[in-house]
Amino acid sequence: MRFSTFFYTLKQGIVNIFRNKWYSLASIATISACLLMFGVFYSVVANFQYIVKMAQEGVSVTVFFDEGLSDDRIAEIGDIINARPEVARTNFVSADEAWESFKEDYLGEYADGFGDDNPIADSANYEVYLKDVSKQDDLVNYLEGVDGVREVNHSEITANTLSGMNKLVSYVSLGIIAILLAVSVFLISNTVTIGISVRKEEIGIMKYIGATDFFVRAPFVIEGILIGVLGCVVPLVSIYFIYNKVIDYLSTRFTMLSQLLKFLSVQQIFQILIPVSLAIGIGIGFIGSFSTVRKHIRV
Amino acid sequence: MITLDHVSKTYSTGAPALNDVSLHIDPGEFVFIVGDSGSGKSTLIKLLLRELLPTSGNIEVNGINVVKLKHRQIPMYRRKLGVVFQDFRLLKDRNVYENVAFAQRIVQTPGKEIRRNVPSMLSTVGLAGKYKAKPKQLSGGEQQRVALARALVNNPPILLADEPTGNLDPNNSWEIMKLFEEINETGTTVVVVTHNREIVNAMKKRVIAMNKGVIISDEKEGTYVDEI
């Protein structure tokens with residue numbers, strides 16, 4: 001392709017947007033509406049998943065050792081645990097640290113009566129944090145069989161609840177994304193149908209005077225892609241400002257909530273939202289324009 | 001240059017449009033194809049443009065077997081044909097210059113040549129001063145001149161015109177026909193489908209008369225033949 005043809009095609013794509021400005025505006029508005037719905041939904045779901053993930057990361061399994069087990073064997077058990085794929089990290093708690101923590105949590109000033117004694121002298125343990133709490137049962141079964149391990153403490157209810165919530169969020173997300181996509185396709189196919197009547201004559205003329213399919217299609221496709229990109233800008237900018245406002249509002253209005261829950265920053269949300277929105281917007285613009293032209297190109 | 005060999009065309013509705021038509025047009029000829037509505041003359045133009053395929057028979061244009069053309073080969077084939085329609089078929093949102101330049105852009109003519117060729121072609125058809133006008137700002141005759149300039153700017157060896165004077169008053173019709181004659185004198189083969197009796201009778205060119213899908217007469221310096 002000649003440079004002049006390339007720039008002509010590019011220019012025509014841009015000019016087409018202004019030529020059919022009502023059609024362009026309708027298309028941009030449709031894509032913007034779909035992406036705004038998607039963006040809002042994604043922001044909510046991403047935060048929910050983040051909160052569940054944070055909660056999951058706080059769930060640990062505690063591994064206690066046989067009485068009088070050597071330090072070397074305890075270190076070996078640590079290595080065995082860390083080698084497991086489902087383990088995120090481990091934390092060794094010595095008997096003294098365990099006693100100090102117990103005193104602080106449950107005894108307070110009454111602990112003075114014990115003097116220097118450590119009534120839980122055999123309570124050295126590993127706190128084991130998992131990457132995925134649904135794998136907790138597998139890990140516990142394995143650890144109970146390790147030589148030198150006396151007891152493995154864990155909370156099945158917490159793990160099951162969090163794991164169930166995670167699954168529920170995933171299924172609901174998939175369902176809503178499917179509905180949003182179906183709505184988008186419906187809205188966009190309607191917009192494309194309007195565009196067809198505008199294009200039909202023009203495409204026919206081009207073909208009669210010997211234009212190749214590529215030459216006819218290229219400006220329309222460029223126009224579609226540009227409409228897709230423009231359709232991304234409005235929802236992304238809106239979500240950027242709305243998101244910060246909502247997080248600020250939640251943090252100042254419900255201080256208890258903000259202490260318990262941590263929200264994703266707008267930057268973290270946009271790391272995914274920008275590329276996905278652009279891909280959807282450009283994809284819709286490309287497919288919409290491509291299919292519109294295809295219907296009339298075989299002249 | 002143009003050969004139709006026992007060509008028949010029946011539409012999917014079952015209506016026969018052409019029935020065993022054979023004809024030959026030599027390079028540089030000026031031919032009128034005449035006939036009333038439904039005689040098959042527009043179908044003939046559509047077959048030559050490869051907008052339609054014949055039900056049977058063979059068509060050869062510029063040494064190309066039109067029937068055997070693949071979809072991707074059609075644009076190259078059409079670039080060797082200049083086409084003018086009754087309804088002008090101009091790009092309404094582009095000005096006169098852009099409408100003509102568009103035909104050159106399609107064949108990837110360098111920008112420098114486009115800037116030279118388009119004004120020259122516009123002055124040939126008498127529209128040099130109106131290059132910035134949009135089609136709706138022009139009269140019917142002027143719009144047909146733009147269509148003619150667009151059809152000729154790539155120097156096609158054949159010019160096909162489907163009822164080119166159908167939407168024009170007598171004066172403009174004559175102006176357009178004079179232009180066709182001048183183009184023909186430069187060696188371009190001109191095929192004009194028309195039912196304009198006055199023009200056909202006055203110009204004394206080859207006349208192929210059609211009725212109900214068959215050729216009823218073919219005369220060298222012919223006149224308009226009425227339905228038999």
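Predicted model: local features only at pLDDT ≥ 70, side-chain atom pairs only at ≥ 80, totals over all residues.
Of the 228 residues in chain B, 44% count as buried. If you look at contacts in this chain between residues at least 6 apart in sequence, 65% of them join residues at least 24 apart.

Let's go to the sheet in chain B. It is an open sheet of 6 strands, in the order S6-S7-S8-S3-S9-S10, and the pairing is mixed. Which strands stand at the edges? Those are S6 and strand S10, residues 214–219, of chain B; each has a single partner strand, so one side of each is left without a neighbour in the sheet. On average, and ignoring direction, neighbouring strands here are turned by 15° against each other.

Stay with S6 of chain B for a moment. As an edge strand it has one partner in the sheet, and yet 5 of the 5 residues of this strand, 81–85, are buried, so the rest of the structure largely encloses it. B:Leu81, B:Val83 and B:Phe85 point one way, B:Gly82 and B:Val84 point the other way, and all are buried. The partner is strand S7, residues 158–162 of chain B, in the parallel sense, over 5 bridges. If you want one pair to click on, B:Phe85 has B:Asp162 as its bridge partner in S7(B).

Further along the sheet, S3(B) pairs with strand S9, residues 206–211 of chain B, again in the parallel sense, this time over 4 bridges. There, B:Val34 stands opposite B:Ala209 in S9(B). H1(B) packs on this sheet, where it touches S3, S7, strand S8 (189–194) and S9 of chain B, and its direction makes about 145° with that of S7(B). Then there is helix H6 of chain B, residues 170–185, which lies across S3, S7 and S8 of chain B and runs at about 155° to S8(B).

Now a single residue, B:Ser39. Where does it sit? B:Ser39 is in the loop between strand S3 (30–34) and helix H1 (41–48) of chain B. Is B:Ser39 buried or exposed? B:Ser39 has 24 C-beta neighbours inside 10 Å, and the cut-off for buried is 20 or more, so B:Ser39 counts as buried. Leaving out residues up to four places away in sequence, B:Ser39 touches B:Met210, B:Asn211 and B:Lys212.

On to chain A, which has a sheet of its own. This one is open too, with 4 strands in the order S2-S3-S1-S4 and antiparallel pairing. Its edge strands are S2 (87–93) and S4 (149–153) of chain A, each pairing on one side only. The twist averages 20° from one strand to the next. S2(A) is joined to strand S3, residues 125–130 of chain A, by 6 bridges, and the two run antiparallel. A:Val93, for example, has A:Asn125 as its bridge partner in S3(A).

Two helices to look at here. Helix H3, residues 71–82 of chain A, lies across strand S1 (60–65), S2, S3 and S4 of chain A and runs at about 160° to S2(A). H5(A) also packs on the sheet, touching S1, S3 and S4 of chain A, and its direction makes about 165° with that of S4(A).

Which residues of helix H5, 136–144, of chain A are buried? They are A:Gln136, A:Leu139 and A:Leu143. Seen down the axis of H5(A), these buried residues fall within an arc of 65°, so they line one face of the helix. On the other side, A:Asp138, A:Asn141 and A:Glu144 are exposed.

Next, the nonpolar cores. The largest has 94 residues, and the members that touch the most others are B:Ile33, B:Leu48, B:Val100, B:Ala149 and B:Leu160. The largest share of this core, 11 residues, comes from helix H7, residues 213–253, of chain A. A second, separate core of 15 residues includes A:Val61, A:Val63, A:Tyr126 and A:Val152.

Last, the contact between the chains. It takes 15 residues from chain A and 17 residues from chain B. On the chain A side, the elements giving two or more residues are helix H1 (3–19) and helix H6 (156–208). H1(A) gives the largest share, 4 residues. By type, the chain A side divides into 7 nonpolar, 4 polar and 4 charged residues.

Notes: Residues numbered from 1 in each chain as written. Chains lettered and ligands numbered in written order. Buried ≥ 20, exposed ≤ 12 C-beta atoms within 10 Å, placed from the backbone. Contact = placed C-beta atoms within 7 Å. Arc of directions from axis to C-beta. Nonpolar A, V, L, I, M, F, W, Y, C, P; charged D, E, K, R; others polar. Pairing = 2+ DSSP bridges. Axes fitted to C-alpha atoms, helices over the stretch in contact; angles between N-to-C directions. Core = buried A, V, L, I, M, F, W, Y, C linked by C-beta atoms within 7 Å.
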